[in-house]
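Here is a short tour of one protein, written for reading beside the structure. Please keep the 3D view open as you go.

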Amino acid sequence: MPRQQRTTDYHCHILPGIDDGPKEHDESIEMARLLAEAGYREVYCTPHLIKGMYEVSTEEVLHERDKLQRELEKQGIGITLHSGREYYLDEFLLDYISKPLLLEGTTCMMIEIPNNTSVDLVKETIFAVKRRGYTPLIAHPERCFLLETVEQKLPGAGRWKRWLSGSSGKNNDTEPGNELLRYFKQLGCQFQGNLGSINGQYGGRVKASARYYEKTGVYTHAGTDAHSPDAVKNILWIR
Ligand SMILES: [Fe+2]
C-alpha cells in the first residue's frame, strides 16, 4: 500500500454514535490518541451510509466531526479530522449522488461493494458516479469477491491456464474479477486497501487478494477501517 500515505488514515469509523463505530465520545478520542501515537496526523471520518440502516445526514456527520476535532485540540491530540463517507453500493446509492459527501478536499467518493450484488449493477452505478464528475474510490477491494482473479484464488493458476490455452496471456484472463478490475481502472477509479487485510485479520482469502493488489500496484490509498480503539490496536499491532 502507498507508503507515503502512512500518516493519513483514509478510512476510519471514528465518529461516535453514527454507525457501527464507537458509541461514546471517549472511545473516539482513544482511537485518535492511538492513531496519533502510531504516527498518523490526518484521519478521514468515513461513517457508513446504508439506506435503511445508517442514514444520518451530511450535516450531522460534519457536526460530529467538528465536535470531535475541538475535543482533540483541547486534549492536545495532533490529529486533523477530515470529512468523508463510505457509501454502500446497492440500488439506492444513486439517490445520493446529487450531493455526496466526498473525501474532503478531493473528488473521491468512497464506495464499498458488497459480495451479494451483480456485476451489472456495480458497473452501472460506478459509471454513473464517474459521469457525475466524481472519482469512485473503491473501499477495500480485497474484500470484494467479484473482483477476484484466478491468480488471487490460486497463485500461479493464471500462468497454467494461459499455458494450457496456448496464449501469451496478455488480456486473456476471462475471469470476471479481472474484467471488472480492468473496467474500474479504465474509468479512472482509485482503490483503498485495509491495513488489517494485509495482516490477515479478515482471513487467508482476503489476505491473498490484498497481497496481490499490493504486488500489482492497484492500491492508491490505505486505511485502517477501524471501528473501535481495540480495532486500531489490532490493525496497527499496538501491544
Ligand atoms: Fe468501513
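Two residues are in contact if their C-beta atoms, placed from the backbone, lie within 7 Å. By that rule, residues 24 or more positions apart account for 74% of the contacts in the protein with a separation of 6 or more.

A word on the source: this is a predicted model, in which local features need pLDDT of at least 70, side-chain atom pairs count only at pLDDT 80 or more, and totals for chains, interfaces and linings use all residues. Residues are numbered from 1 along each chain as its sequence is written.

The protein has 9 helices and 9 strands (DSSP runs numbered from the N terminus: helices are H or I of at least four residues, strands are E of at least two). An open sheet takes in 6 strands, in the order β3-β5-β6-β7-β8-β9, with parallel pairing; two strands pair if DSSP finds at least two bridges between them. Here are some of its strands:

| Strand | Residues | Note |
|---|---|---|
| β3 | 48-49 | edge strand, pairs on one side only |
| β9 | 221-223 | edge strand, pairs on one side only |
| β5 | 86-88 | 3 bridges to β6, parallel |
| β6 | 108-112 | 3 bridges to β5, parallel |

E86 has M110 in β6 as its bridge partner.

Now to the interior. Of the 239 residues, 40% count as buried, meaning that 20 or more other C-beta atoms lie within 10 Å of a residue's own. Beyond its neighbours within four places in sequence, I111 contacts Y87, L89, P136, L137, I138 and A139.

Note on methods
A residue is buried if 20 or more other C-beta atoms lie within 10 Å of its own, exposed if 12 or fewer, and partly exposed in between; C-beta atoms are placed from the backbone.
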